[in-house]
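Subject: Structure handover

Hello,

Here is the structure for you to look over. My notes come after it.

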Amino acid sequence: MSAYNTTLASLDCDEETLRGHLQGADIPTLLMTVAHLTGDLDVLKPDWKPVVAMGVAGSGMSPDVEAEVREFCLLRLLAFRDNGLPVPARPTSDQLHALGTWLMGPVIEPYLPLVAEELVTAEEDPRAPRWHKEHVAADRDFKVVIIGAGESGMIAALRFKQAGVPFVVYEKGSDVGGTWRENTYPGCRIDINSFFYSFSFARSTWDDCFAPGPQVFGYMQAVARERGLYEHIQFNTEVTDAHWDEDSQCWKMLCRNSTGQTRVDSNVVVFAVGQLNRPMIPAIPGIETFEGPAFHSAQWDHNVDWSGKRVGVIGTGASAAQFIPQLAKTAADLKVFARTTNWLLPTPDLHEKISDSCKWLLANLPNYSLWYRAAMVMPQSVGFLEDVVVDVDYPPTEVAVSARNDQLRQAISAWMEPQFADRDVLIPDSPVGGKRIIRDNGTWISTLKRDNVSMIRLPIEAITPKGICCVDGTEHEFDIIVYGTGFHASKFLMPINITGRDGLALHEVWKDNDARAYMGMTVPGFPNMFCMYGPNTGLVVYSTIIQFSEFTATYIVDAVRLLLEGGHQSMEIKPQVFESYNQRVDQANGLRAWGFSKVNSWYKNSKGRVTQNFPFNAVEFWRRTHEVEPTDYHLS
Ligand code: NAP
């Protein structure tokens, strides 16, 4: 994990060396760092204001102007060092306001309190609980069970550990990391910048702008190791049943592992079981008859030799767009069955390494790492939400849901179209934001243009022993079929049997995959039960699941504080609070591109209700999860 420098000692190099390091500086980050260190806000000249586009703040400068800015910053840094002034730990709120509005304009205003919390220096952890069980209920016998040791279970575990609340984590797999342990397909990587897709309290020295899967898995393992989480986790242990026992006011669970089944009791249960992890293989007629290897992207068969093979891939989602370019390098012939297509987000640095000089600056230039992250968090938080809000007067269509949405469509089309002029049209027939946007640096489109790759837009009728048959009667023969067909996203908490008060079965309450919860976490009739990454907590391109899990964990740990401090046995969300929250969410989701569009997407359940997305901005979720409002709950 990182050891970012907070002193000037590391700047004790000669001028030429420092000049060399600044070559790798991100210009907006460098200017904000210098302004913060020196306290001189005039450094942020209006002429040097960054250009923010598609969630990224760039300098927008010519190379000559960039060189001028670097030289300016070099002189300021040398003067600051030579004066021996102390390194300020955090910006004042006035400074943050000035820096934020210089970067983003006044639109950043409501986000600044959240940005301030994200500005974490090494060793700081502002989201750690500010209470300890010893001080609120030292003698009370109390235990929490967390199910799942992916990123969300890990953060919950850390917070309970910090609060001194006894807990145990059950994980059905053999290690932490969840999706990053499970998905091993070639080309797998995060599509949020690595420095944003990191726990706020555990910065890493990433090697890649968008880290490959194994690097993210390694990061998760390192966090679990360094934070002492492993000793709290029972691996290869699956919780199969959980029921609320009114008499003991506890959850009673059944855990299964290789040695058999055990019973476990806990006062509180936290489901951190992930959500995009139950592979969905479509029920296509004849699917079982295919004679060659056939598997899902999340169950990759690493023994398959692709060279010279004819490969059929079903699906064009985020997973397929990552593994198809890898397979295309060796397969003789690769056919992609594309029912619909996705909008692409131009991301030139998608496969870029973090340069040595950038790594040096992150490690050695005091506070550079703070502003490096802030320069991502700010544009990303403001992000795309306004671009996908439906303007009912526009009028919204499957082309665009508002004038802003149309502008974004045109900007992306202008990048996509010249790349595939000689190919079948890839432009989706749904508005931008109707379904998951996929990042691309040109690799996906250029793969589809390869001679050995073709895209088939006809619907599939059946799978045969030799291949895939389309509705026009054409049979495409393959040696291997890969299902990039996604996950049972709407089947939250499947397949655990969960029974709440009065024998209420959660899967009955959520029947037809219509899962709802208050803030994605609590459900009437299910006291002391909390979900992480639950219904309607998906943040679409303006936050990260890690950030949302941190917010959620803050809330859950605060709920436990409420139980302990008040001497309560149970807490259950009031039905009216739950209902009005969900009505508001549903209403807002109907006015977002993903709720308006009729396009297929895993954001919606089979009834067409959006069960995945949180339709508001990250600040709203953050504010509502800071602490539990006791009047929202029946406390007993
Ligand atoms: P997905 O986005 O749900 O895509 C599934 C694909 O399979 C779609 O193209 C879908 O077509 C197609 N499909 C499903 N059933 C089909 C059928 N019967 N016939 C033909 N086509 C069918 O799944 P995914 O690509 O695995 O991604 C799921 C999510 O995981 C992503 O959206 C993302 O949130 C996450 N993920 C993230 C990353 C990352 O970089 N961080 C990487 C991979 C995945 P339709 O679109 O027409 O339904």
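First, the ground rules. This is a predicted model, in which local features need pLDDT of at least 70 and side-chain atom pairs count only at pLDDT 80 or more, while totals for chains, interfaces and linings use all residues. Residues are numbered from 1 along each chain as its sequence is written, and side-chain values use heavy atoms, with hydrogens and water left out. Helices (H or I, at least four residues) and strands (E, at least two) are DSSP runs, numbered from the N terminus.

Start at strand E4, residues 167–170. Both of its faces are covered. Phe167 and Val169 lie on one side, Val168 and Tyr170 on the other, and all are buried. Buried means under 20% relative accessible area, exposed over 50%, and partly exposed in between (1.4 Å probe, protein chains only).

E4 pairs with strand E3 (residues 144–147) in the parallel sense, over four bridges. Two strands count as paired if DSSP finds at least two bridges between them. Ile146 stands opposite Val169 of E4. From E3 the chain passes through helix H7 (residues 151–163) to E4, a right-handed β-α-β crossover. Right-handed means that, with the strands pointing away from the viewer, the path from the first strand over the helix to the second runs clockwise.

E4 also runs parallel to strand E5 (residues 233–234), joined by two bridges. Val169 has Ile233 as its bridge partner in E5.

**The four-stranded sheet**

Another sheet is open, with mixed pairing and the strand order E8-E7-E6-E20. Strand E8 (260–266) and E20 are at the edges with a single partner strand each, so one side of each has no neighbour in the sheet. The twist averages 15° from one strand to the next. Angles run from 0 to 180 degrees between N-to-C directions, and axes are lines fitted to C-alpha atoms, for helices over the stretch in contact.

Strand E6 (residues 238–245) and E20 run parallel, joined by three bridges. Ala242 has Ile498 in E20 as its bridge partner.

**Helices H11 and H12**

Helix H11 (residues 356–364) packs on H12 at about 115°, with the axes 6 Å apart. That makes the two helices H11 and H12 roughly perpendicular. The cut-offs: under 35 degrees is roughly parallel, over 145 roughly antiparallel, 65 to 115 roughly perpendicular, and the rest oblique.

Cys358, Leu361 and Leu362 of H11 meet Tyr368, Ser369 and Tyr372 of H12. Contact here means heavy atoms within 4.5 Å. The contact residues divide into five nonpolar, one polar and no charged. Ala, Val, Leu, Ile, Met, Phe, Trp, Tyr, Cys and Pro count as nonpolar, Asp, Glu, Lys and Arg as charged, and the others, Gly among them, as polar.

Most residues other than glycine have a negative phi, and most peptide bonds are trans. The places below are worth a look.

- The Tyr394 to Pro395 peptide bond is cis, with omega near 0°. Pro395 sits in the loop between helix H12 (368–382) and helix H13 (403–416).
- Met494 and Pro495 are also joined by a cis bond, with omega about 5°. Pro495 is in the loop between strand E19 (480–483) and strand E20 (497–499).
- Asp502 has a positive phi of about 55°. Its loop lies between E20 and helix H15 (506–509). Asp502 counts as exposed, at 82% relative accessibility.
- Met519 has a positive phi too, near 55°. Its loop lies between H15 and strand E21 (529–531). Met519 counts as buried, at 0% relative accessibility.

Best wishes
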